[in-house]
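Hi,

Here is the structure I promised to pass on. Have a look at it first, and then read my notes below.

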Amino acid sequence: MAGKGQKLKADTVLKNYWNDNEQFADLFNLLKILLSTSKSSKEIKEEVLHYVKEHPVDQQVIMTVAGTANCEIDYSALSGKEESSMWRVFREEREEGKIEGKKEGKAELVVELLEEVDQVPQKLREQILKKEDPVILRKWCRIAAQVMSVEEFEKRYQEI
């Protein structure tokens, strides 16, 4: 430890901070809850809220967990510790990931449906996979499910 008047090095401060068993336990317990793949969003939300109510979780722990779980933090929400705002801390990035996953899934479905009828040219495949508009992707899914050839899809999808 540093004597009076001496500054601690950043790595020493961090080491001392994480040597606190309660903070260390909070870090891993929250990570375990948030990164669970076997639970629904609702179950995760309830478990996080319950944990935070039962344990005085340090803000630094929450920031570390949120960063690790790729969540944006609403700092004003943290100070209030309200249920709805506390969940917002962890939910924002997760919801964005779901939306992105759905878009990617629809684009991949279009390609898979077309591959059932014929080989999909690389240029067309790339155009489909880079499309981000969910409304257009949904329409393309319907078209891909109806066409008898990739050429027919190419004619019809350009009309949208």
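**What I found**

Leaving out residues up to four places away in sequence, Asp26 touches Tyr51, His55, Pro56, Val57 and Val61; contact here means heavy atoms within 4.5 Å. Asp26 is part of helix H2, residues 21–34. Helices in these notes are DSSP runs (H or I, at least four residues; strands are E, at least two), numbered from the N terminus. Is Asp26 buried or exposed? Its relative accessibility is 7%, so Asp26 counts as buried. The cut-offs are under 20% relative accessible area for buried and over 50% for exposed, with partly exposed in between (1.4 Å probe, protein chains only). The Asp26 side chain also makes a polar contact with the side chain of Tyr51, at 2.4 Å. A polar contact is a pair of N or O atoms within 3.5 Å; within protein, one must be able to donate a hydrogen and the other to accept it, and residues adjacent in sequence count only if both atoms are side-chain atoms.

**Before you go further**

This is a predicted model, where local features need pLDDT of at least 70 and side-chain atom pairs count only at pLDDT 80 or more, while totals for chains, interfaces and linings use all residues. Residues are numbered from 1 along each chain as its sequence is written, and side-chain values use heavy atoms, with hydrogens and water left out.

pLDDT is the predictor's confidence in each residue, from 0 to 100. The protein chain averages 76, and 67% of the residues score at least 70. Confidence is lowest in helix H5 (residues 75–80), with a mean of 47, and highest in H7, at 95. Where pLDDT is low, the predicted coordinates should not be read in detail.

**The overall picture**

The protein chain has nine helices and zero strands. Of its 160 residues, 30% count as buried. Among contacts with a separation of 6 or more, 55% are between residues 24 or more positions apart.

**The cores**

A nonpolar core is a set of buried Ala, Val, Leu, Ile, Met, Phe, Trp, Tyr and Cys residues joined through side-chain atoms within 4.5 Å. Which members of the largest core touch the most other members? They are Val110, Leu114, Leu124, Ile128, Trp140 and Phe153, out of 17 residues. Helices H6 (83–117), H7 (122–130), H8 (134–146) and H9 (150–157) each supply at least two residues of this core. H8 gives the largest share, six residues. Apart from this core lies another, of 13 residues, including Leu27, Leu31, Val48 and Val65.

Setting aside neighbours within four places in sequence, Leu124 is in contact with Leu114, Val150, Phe153, Glu154 and Tyr157.

**The rings**

A search of the whole structure finds three aromatic pairs. Rings of Phe, Tyr and Trp (its six-membered ring) pair if their centres lie within 6.5 Å; planes under 30 degrees apart count as stacked, over 60 as edge-to-face and the rest as tilted.

Trp140 and Tyr157 have ring centres 5.0 Å apart and planes at 75°, so this pair is edge-to-face. The pair links distant parts of the chain, with Trp140 in H8 and Tyr157 in H9, 17 residues apart. Phe153 and Tyr157 have ring centres 5.1 Å apart and planes at 5°, so they are stacked. Both of these lie in H9, four residues apart, about one turn of the helix. Ring pairs link Trp140, Phe153 and Tyr157 into a cluster. Trp140 counts as buried at 5% relative accessibility, Tyr157 at 9% and Phe153 at 0%.

**Helix H8 and a neighbour**

H8 has 13 residues and reaches 19 Å from its first C-alpha to its last, close to the 18 Å expected at 1.5 Å a residue (the expected span is 1.5 Å times one less than the number of residues). Its buried residues are Ile136, Leu137, Trp140, Cys141, Ile143 and Ala144. At the N-terminal end, Asp133 caps H8, with a side-chain oxygen 2.9 Å from the backbone nitrogen of Val135.

Over in helix H6 sits Lys103, which counts as buried at 16% relative accessibility. Beyond neighbours within four places in sequence, Lys103 is in contact with Glu132, Pro134 and Leu137. Lys103 and Leu137 are 34 residues apart in sequence and 7.4 Å apart in space, C-alpha to C-alpha.

Happy browsing!
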